[in-house]
Amino acid sequence: MITETAPAKVNLYLHIGAVRADGLHDLASLFVFTDDGDVVHVEKADRLSLNVTGPYAGALNDSPSEQNLVWKAAALLRNEYAVIGGAAITLEKNLPVAAGIGGGSADAAAALRALVRLWGLDIAEETLARLAFQLGADVPACLSRAPVNVSGAGEVLSLGPSLAPLWVCLVNPGVAMPTGPVFRAFDAANPSPPAPVLATQTGATCEAAAELLRQTRNDLEPIACAIAPEVKAVLAFLATRPGALGARMSGSGATCFALFSSSAGAKRASVSAKARGWWALASRLCVG
């Protein structure tokens with residue numbers, strides 16, 4: 001059996017531009033990843049199969065396996081390289097669904113990494129990234145766990161900055177926030193947004209990380225707060241946690257995060273969030 005972690009993705013910032021001719025949005029973002037997340041297990045088999053387990057399996061098991069991005073990733077890779085046989089895939093779903101932390105995209109990326117190993121495929125990183133983009137704009141960035149600058153509609157990647165050792169507390173108030181409606185609301189409110197620009201990060205210190213948050217934004221955050229006031233409540237909670245370097249919503253929401261310089265600070269915030277009935281996770285960031 002081959003196992004790959006599908007870490008939670010965190011947008012330290014997310015600048016959104018206009019809709020492109022292909023229907024996707026220009027964006028500029030810095031993706032970072034946690035040590036923890038969903039888990040993908042693969043074993044050789046005569047055909048493809050997908051079993052979803054874990055605390056959030058119920059949100060996916062009502063839909064056919066063929067609609068899951070993990071299945072689509074496996075089918076795409078098998079068809080592209082004429083693989084004989086299949087794979088028995090188990091997705092351990094630990095992260096909330098439609099939460100803005102790249103769960104489906106990270107799952108698909110983890111499945112690609114695992115199946116390349118299982119099937120013994122020799123694929124260049126650039127080729128795998130192009131395949132990944134066919135599955136979704138965020139999937140190529142999720143192939144690596146290192147910080148990555150993301151632009152274009154997600155297909156233009158460059159190595160992100162080195163960051164100080166950081167911990168993160170992720171909090172979700174239990175509100176699903178499907179990406180499509182959030183982007184449509186953003187488009188309605190911003191008919192001519194400025195071109196998104198990648199931020200410049202200088203220095204691998206906690207203060208540099210805090211300054212990065214102060215100098216950037218998530219353009220979808222006001223939209224999500226208007227749709228679900230619970231998001232605003234979570235942001236206010238995280239911003240006032242002892243030791244928090246800053247707080248922001250990730251992706252299209254509804255998960256929000258605060259950065260910490262210590263595991264103790266992140267874990268205290270997580271415990272306090274859970275006491276409020278929210279989902280929370282304290283985890284170390286993979287900072288390169």
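Ala254 sits in the loop between E8 and E9. A cis peptide bond joins Gly253 and Ala254, with omega at about 10°. Most residues other than glycine have a negative phi, and most peptide bonds are trans. The model is predicted.

- Ala82 has a positive phi, near 50°, in a residue other than glycine.
- Ala82 belongs to the loop between H2 and strand E4 (86-92).
- With 58% relative accessibility, Ala82 counts as exposed, because the cut-off for exposed is over 50%.
- Ala98 also has a positive phi, near 55°. Ala98 lies in the loop between E4 and H3.
- Ala98 counts as partly exposed, at 31% relative accessibility.

**Helix H8**

- H8 spans residues 229-239. Its buried residues are Val231, Val234, Leu235, Phe237 and Leu238.
- Viewed down the axis of H8, these buried residues fall within an arc of 160°, so they line one face of the helix.
- An α-helix has 3.6 residues a turn, so residues three or four places apart point the same way.
- Pro229, Lys232 and Ala239 are exposed on the other side of H8.
- What do the buried residues of H8 pack against? Their partners are strands E7 (167-172), E8 (246-249) and E9 (256-260), together with helices H7 (221-227) and H9 (263-275).

**Nonpolar cores**

- The largest nonpolar core holds 74 residues. Leu77, Ile89, Leu112, Leu115, Trp119 and Val231 touch the most other members.
- Helix H3 (residues 103-118) supplies the largest share of this core, 10 residues.
- Leu112 is in contact with Ala73, Leu77, Leu128, Ala132, Leu135, Val139 and Leu143, leaving aside neighbours within four places in sequence.

**Helix H2 against H4**

- The axes of H2 (residues 69-80) and H4 (residues 125-135) come within 10 Å and cross at roughly 135°.
- That angle makes H2 oblique to H4. The crossing is right-handed.
- On the H2 side, the contact residues are Leu69, Lys72, Ala73, Leu76, Leu77 and Glu80. They meet Leu128, Leu131, Gln134 and Leu135 in H4.

**Helix H2 against H3**

- The axes of H2 and H3 come within 8 Å. They cross at roughly 35°.
- H2 passes H3 in a right-handed crossing.
- H2 contributes Leu69, Val70, Ala73, Ala74 and Leu77 to this contact. Their partners in H3 are Gly104, Ser105, Asp107, Ala108, Ala111, Leu112, Leu115 and Val116.
- Leu69, Ala73 and Leu77 of H2 meet residues of H3, and Leu69, Ala73 and Leu77 also meet residues of H4.

**Lys72**

- Lys72 is located in helix H2. Is Lys72 buried or partly exposed? Lys72 counts as partly exposed, at 39% relative accessibility.
- Lys72 touches Glu66, Gln67 and Leu135, not counting residues up to four places away in sequence.
- Lys72 and Gly120 are 48 residues apart along the chain. Their C-alpha atoms are separated by 19 Å.

Conventions
Residues are numbered from 1 along each chain as its sequence is written. This is a predicted model: local features need pLDDT of at least 70, side-chain atom pairs count only at pLDDT 80 or more; totals for chains, interfaces and linings use all residues. Side-chain values use heavy atoms; hydrogens and water are left out. Buried means under 20% relative accessible area, exposed over 50%, partly exposed in between (1.4 Å probe, protein chains only). Helices (H or I, at least four residues) and strands (E, at least two) are DSSP runs, numbered from the N terminus. The arc is that of the directions from the helix axis to the C-beta atoms. Contact means heavy atoms within 4.5 Å. A nonpolar core is a set of buried Ala, Val, Leu, Ile, Met, Phe, Trp, Tyr and Cys residues joined through side-chain atoms within 4.5 Å. Axes are lines fitted to C-alpha atoms, for helices over the stretch in contact, and angles run from 0 to 180 degrees between N-to-C directions. Angles under 35 degrees count as roughly parallel, over 145 as roughly antiparallel, 65 to 115 as roughly perpendicular and the rest as oblique. A crossing is left-handed if the near helix is turned anticlockwise from the far one by less than a right angle, and right-handed if clockwise.
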